[in-house]
Amino acid sequence: MHRSRTYDATGIVLRSRPLGEADRIVVLYSLEEGKLSAVAKGARRANSKLAAAVQPFAHGRFGLARGKSLDVVTQCRLAESFYELRLDLDRLTAACCVVELVDRAV
């Protein structure tokens, strides 16, 4: 069975961390692939199109390419960023707990 090099996944960003000077490693939970890690190249640059899509809680349709150790985020169509969630500390705390539970349970 041959797996395609590129694929799409609808998911939510569980967490994100810096990698090098301009990249980010994101952990996604997707309907199609389950939990996966991927590199968003250039996502930390000021004019990056991926910057909003790789923030925690972001929900969208991610285009990915399979890599040797980590997949690579090539594009994203953001469905919801949940920006309002970040404005309320109680809701943000609850959301962080839920994301942490999903991350550890899967």
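Two strands count as paired if DSSP finds at least two bridges between them, and strands (E, at least two residues) and helices (H or I, at least four) are themselves DSSP runs, numbered from the N terminus. The model shown in these views is predicted, so local features need pLDDT of at least 70 and side-chain atom pairs count only at pLDDT 80 or more, while totals for chains, interfaces and linings use all residues. Residues are numbered from 1 along each chain as its sequence is written, and side-chain values use heavy atoms, with hydrogens and water left out.

**View 1. The hairpin of strands E1 and E2, with glycine 20.** Strand E1 (residues 6-19) runs antiparallel to E2, and eight bridges join the two. Three residues lie between the strands of this hairpin, in which glycine 20 takes a positive phi near 65°. Within the pairing, serine 16 stands opposite valine 26 in E2, and valine 13 stands opposite leucine 28 in E2.

**View 2. Strand E2 and its pairing with E3.** Seven of the eight residues of strand E2 (residues 23-30) are buried, so the strand is largely enclosed by the rest of the structure; here buried means under 20% relative accessible area, exposed means over 50%, and partly exposed covers the range in between (1.4 Å probe, protein chains only). E2 and E3 are joined by seven bridges and run antiparallel, forming a hairpin with three residues between them. Leucine 28 stands opposite leucine 36 in E3.

**View 3. Leucine 28 and the nonpolar cores.** A nonpolar core is a set of buried Ala, Val, Leu, Ile, Met, Phe, Trp, Tyr and Cys residues joined through side-chain atoms within 4.5 Å. The largest such core has 16 residues, of which Leu28, Phe62, Leu64 and Val73 touch the most other members. Strands E1, E2, E3 and E4 each supply at least two residues of this core. Apart from it lies another core, of six residues, among them Val27, Leu85, Ala95 and Val99. In soluble globular proteins, nonpolar side chains tend to be buried together. Where contact means heavy atoms within 4.5 Å, and residues up to four places away in sequence are not counted, leucine 28 touches Ile12, Val13, Leu14, Gly34, Lys35, Leu36, Phe62 and Leu64.

View 4. E1 and E4 pair in the antiparallel sense over seven bridges, and the bridge partner of aspartate 8 in E4 is glycine 63. Threonine 6, which has its place in strand E1, touches Leu64 and Ala65 when residues up to four places away in sequence are not counted.

**View 5. Tyrosine 7 with arginine 66.** A charge sits over a ring if NZ of Lys or CZ of Arg is within 6 Å of the ring centre and within 35 degrees of the ring normal. Arginine 66 lies over the face of tyrosine 7, at 4.1 Å from the ring centre.

View 6. Serine 48 is found in the loop that runs between strand E3 (34-40) and strand E4 (59-65), and counts as buried because its relative accessibility is 18%. A polar atom of the serine 48 side chain lies 3.2 Å from the backbone oxygen of glycine 42. Leaving aside neighbours within four places in sequence, serine 48 is in contact with Gly42 and Ala43. Phenylalanine 57 lies in the loop between E3 and E4 as well, and at 7% relative accessibility counts as buried. Its phi is near 80°, a positive value in a residue other than glycine. Most residues other than glycine have a negative phi.

View 7. Threonine 74 lies in strand E5 (residues 71-80) and is partly exposed, with a relative accessible area of 47%. Leaving aside neighbours within four places in sequence, threonine 74 is in contact with Gly63, Leu64 and Ala65. Phenylalanine 82 lies in the loop between E5 and helix H1 (89-105), has a positive phi of about 55° although it is not a glycine, and is partly exposed at a relative accessible area of 32%.

Key:
Polar contact = N/O pair within 3.5 Å; in protein donor to acceptor, adjacent residues only side chain to side chain.
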